Structures are given as structure tokens and as C-alpha cells.
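Subject: A structure for you to look at

Hi,

I have a structure to hand over, and I hope you enjoy exploring it. Please open it first, then read my notes with it in view.

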Amino acid sequence: MMSNRSTDSLFQLIKSLHKAEKRHFKLYIKRSSAKEDLKIVELFDALDKLTEYDERLLLKKLPSIQKPQLNNTKTHLYKQLLASLRDLKSTDTLELQLSEQLDNARILYNKGLKHQALKILERAREIAKANGKFNYLAQVISLEKKIETLHITRSIQEKTEKLTQEALEISSHIDRVTRLSNLALRLYGWYTKHGHARNEKDETGIREFFKEQLPADAFQLTDFYERLYLYQSYTWYAFIRQDFLMYYRYAQKWLDLFDENEVMKKVEIGHYIKGMHNLLNAHFDLRNFQLFEKVLKEFEAFSHTAIAEQHDNFRIHTSIYINSAKLNWHLMTGTFREGLKLVDTVIANLDEYALYVDPHRIVVFNYKLATLYFGSGDYNTCIDFLQKIINDTSADLRIDLQSYARLMHMLAHYELGNDEIIESLIKSVYRFMAKMKNLTVVEEEMFRFIRHSFGVSPRKMKPELEKFLHKIKHLEKSRFETRAFAYLDIISWVESKVYEKPMAEIINAKYHAQRKRRY
């Protein structure tokens, strides 16, 4: 379904429409019903009824449209749909309102009504300034300067000086925001490709890059957007380096910024939602169980507010992040079987949102679901989910998850006693992880143990497991070994063998012991 829909932009757009949006489109077209518009309505209805995009079937249903006409008709329909949505949604976001004000001012200016245009620009300037929309403010002032420069508008000298000074300040501000947002974006891009820093070389490279790109006056900045991108940059920087305490502190600063500027929760809802997601991840990484529960409840309550439900994009991402957090809860508390009750809902939501979910998010969900099945002892289903990651060659994303998916896949076969393929799996997984520079001491010890275990009799296995546990236990706090424990709780897996208890029981006991911590 996803591949068929993703091949045609018009089909995607129509399938994303709600009933009210479809109804508004029909009314919008009727206002100016030219003859060719009747064809685009027929095309709209035909596409709306299709479950998958099929051009041959579409042409059969549309005898009034010949194949050579189809592309032009589709293009016309696409433009009219966007115009209809703009008409319907013009007051939904501040950005659309400001764009409309700018468009109106340009129309009036081109008609020669310079003073009317200036009045609209004055109002737009105040709105943009009040909400920190400096990119729009720059466009507003640019048009104001153009009018003042080309025409005598009886503006006093004071206004001219004010405009020029404001233009300089805005230009400087936009430059700072651009540099900080570029830094945040590039760090996030590094993470989505590689995951956490793998070794000293990665760590040094990230640290030097961050130091070079961070503005010298970063902590003297007071504007909302400057601070937002500064905190985001530090959040990604800390997360990549696995400095989870710093990660938590800056994710919290990110959210605190919105609490200080309540109006921005509506203006920049996407950034607020992403901040909530990162704060939950920070509590997950630090095993702050009580704070995790508290923030998740707040996030769920927020998801039912009018702001969160206003736009499809943010409603979808809120749902995805909450599902991810719920899975994380079961992973860190060892309640794997209870977590399996969420699987059908998660898969249904991913299917429903197939048009909108990026490949990176799909990989992460498949890995979490595989981990749930591994922890609950259902190794065959675990392997099914891991195969989706291993066989996905469409995107160069999350090399770390690609590596650990193969490692968990090998362990699942080991648990199933599939000795005939284990030896070849050990070789192929080792080669892959070495090639991707994802091998740490923990993985080296793991490969060594599994190879060695083939020649050990069952009654001598327990002492070998205890030796293995001792070797990796002291690495738990090591800087570059924490990756292995973050992706796969190998210590709890070995402990389950040593103490002859289910892995879920081992992790759950740790959860109850750690939950007693006070914050």
C-alpha cells in the first residue's frame, strides 16, 4: 500500500483529506465552474474511490479524459486542491495569516494603493514581531522599504531611520538563528545516520565540530528561537556522546522555554512535541521511572488538546511519540508480555500513517517490537521483525540499529538452538559490525563466548556464563561500551541464564529496586 501511494503525489494528497476538506473543495470549485473544472471534479471523485493508484483503471473510469490529457488535468487538480486548502486553512496557522497579509499588501501596492498596503504591512509587522517570526518580518520590512524608497508617502524621517535600524537588527538575528538551526540540524543528521558516537574518533570529531560551529556569545542570547536552537544543539550533542545527564538537562531546558513562552506552544507546536519526545527518551536512558511516568501522562493529556489535534502532521507525530514511549516503558520495566498487547495498535497506526512516517521511525519501531518479543521469549516473531530491518536496503539510516538488529537476530537463533546456522551468522554479523565500525569490547566478548559455548557441555555451561557475566559487568559504565547495553540489555540476558530466570523477571526486579530512588 505504501509503495503504491507514494508513487503519485496527487493520490497522496487526496487520500490525506478529511470529509470537511473534500466538501470544501467541491464548494470551492463550484464558485468558478469553468468547463475544465468539471473534468477535475470527475478526476477527484475517481481517485478518491481508488484504494491504490492504478492509471489504467483510472482512465477506464474517466471516458471524458484521454491519456494525453491526464497529466495536465492532474496538475490542474493538484493546484486547485492546494488553493482550496489554503482558502480553508488560511487562519489555522500564524505563518499562513502572515503570508496572506503579505500577499494582500503586494496586491494593493501593485494596484497603486500604497498607503493601504503600508497599513497592512504595519499590522503584519506587529504580529510577526510579537511572535518572533523574523523571516516574515524581514519580508514585511523589505516591502515597506521598497515603497518608501520608490514613492513619496509623506513618511517622517523618524520612520525611515526606524526601518533601516530594524532591518539591520533583523538581519543579524536571522543570521544567528540560521547558524544555530544549521548546527542542530547537522547534529541530528549525524545521529540519524550513525546513532551514538562509536569510539574516541567519533567523540573527538563531534566535539570539535560542535565547538567550531557554536557562536561565541551563545549563552548571552535571549530570543526564543535563538535559545530553542541552542538547546536543541546541546540536546543532540549530548545524546550522540551518550552524556545522558546533559541530554536530560537540555531536553528539560527545551521544554522549560515553552513554559516561559506559553503562546509558542501553538506557534511552534512541532518543536514542543519533539521536545516532549526527547525529554521522555532522556528519562528512559537514565531510568528515571517516576519522572518518565509523569511526563508521559502530561504528554498524553496534551495530545487531547485542541492545539495538538489542530493539524494532521502534529496529531500523527504526537501519536507516534506516545506509542514509542509506551513501548519504552515496557522495555525498561521488563513487562514484555504486557507490552505485546500494544503491538497490534502500533502496527495499525504505522499502517494508517504510512504516508507520513519516515523510514528512520519505521526502523526504530521494528527494533523496539523485536526487543519486546525477544524479552518475552518469542524468538521466531522477534526474528520476523528483525528481518524487516536487515532486509531494508532503501535508506542509509541508523547503521547502529542495522548492526544490533543483526546481533539480536544471531542471539534469537542461538536461543532457538539453530546450531546449523549459528556459525555462519557469527561470521557474517562480525564482518558487518567490523565494517560499520560498531564493534566494542562487549560485542567482542559476546562473539567469543558464543563460539566457545559450542564445545562446552550443558553441565559446564553455567561457570562459563558466570565468567562471561563478570567480564562484561565491569564494562557497564565504560564510556563507549554503553551503546551495547542501551540497544540490547545483554547483562540481563546473561543473568537470566546464570540465575535460570526469565529475562523479563531479571529486568523487572531491577526496575522495582531502582524505583525506590528519590528525585
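Below are my notes, going from the whole protein to some single residues.

First, how the values were made. This is a predicted model, in which local features need pLDDT of at least 70 and side-chain atom pairs count only at pLDDT 80 or more, while totals for chains, interfaces and linings use all residues. Residues are numbered from 1 along each chain as its sequence is written, and side-chain values use heavy atoms, with hydrogens and water left out.

The whole protein

The protein has 29 helices and 0 strands; helices (H or I, at least four residues) and strands (E, at least two) are DSSP runs numbered from the N terminus. Its C-alpha trace spans about 95 × 65 × 40 Å along the principal axes. Of its 519 residues, 50% count as buried, where buried means under 20% relative accessible area, exposed over 50%, and partly exposed in between (1.4 Å probe, protein chains only). Among contacts (heavy atoms within 4.5 Å) with a separation of 6 or more, 65% are between residues 24 or more positions apart.

A helix on the inside

Helix α23 covers residues 399–416. Because 16 of the 18 residues are buried, α23 is largely enclosed by the rest of the structure. Next comes Gly-417, with a positive phi near 75°.

A lysine in a loop

Lys-133 sits in the loop between α8 (114–130) and α9 (134–150). Is this residue buried or exposed? Lys-133 is buried, because its relative accessible area is 8%. Its side chain makes a polar contact of 2.7 Å with that of Glu-268. Such a contact is a pair of N or O atoms within 3.5 Å; within protein, one must be able to donate a hydrogen and the other to accept it, and residues adjacent in sequence count only if both atoms are side-chain atoms. Beyond neighbours within four places in sequence, Lys-133 also touches other residues, including Leu-94, Tyr-225 and Val-267.

Positive phi values

Most residues other than glycine have a negative phi. Gln-242 is not a glycine, yet its phi is positive, about 60°. Gln-242 lies in the loop between α12 (224–240) and α13 (244–260), and counts as buried because its relative accessibility is 8%. Arg-287 also has a positive phi, near 55°, and is found in the loop between α15 (269–286) and α16 (289–303). At 25% relative accessibility, Arg-287 counts as partly exposed.

Happy exploring!

Technical notes:
The expected span of a helix is 1.5 Å times one less than its number of residues.
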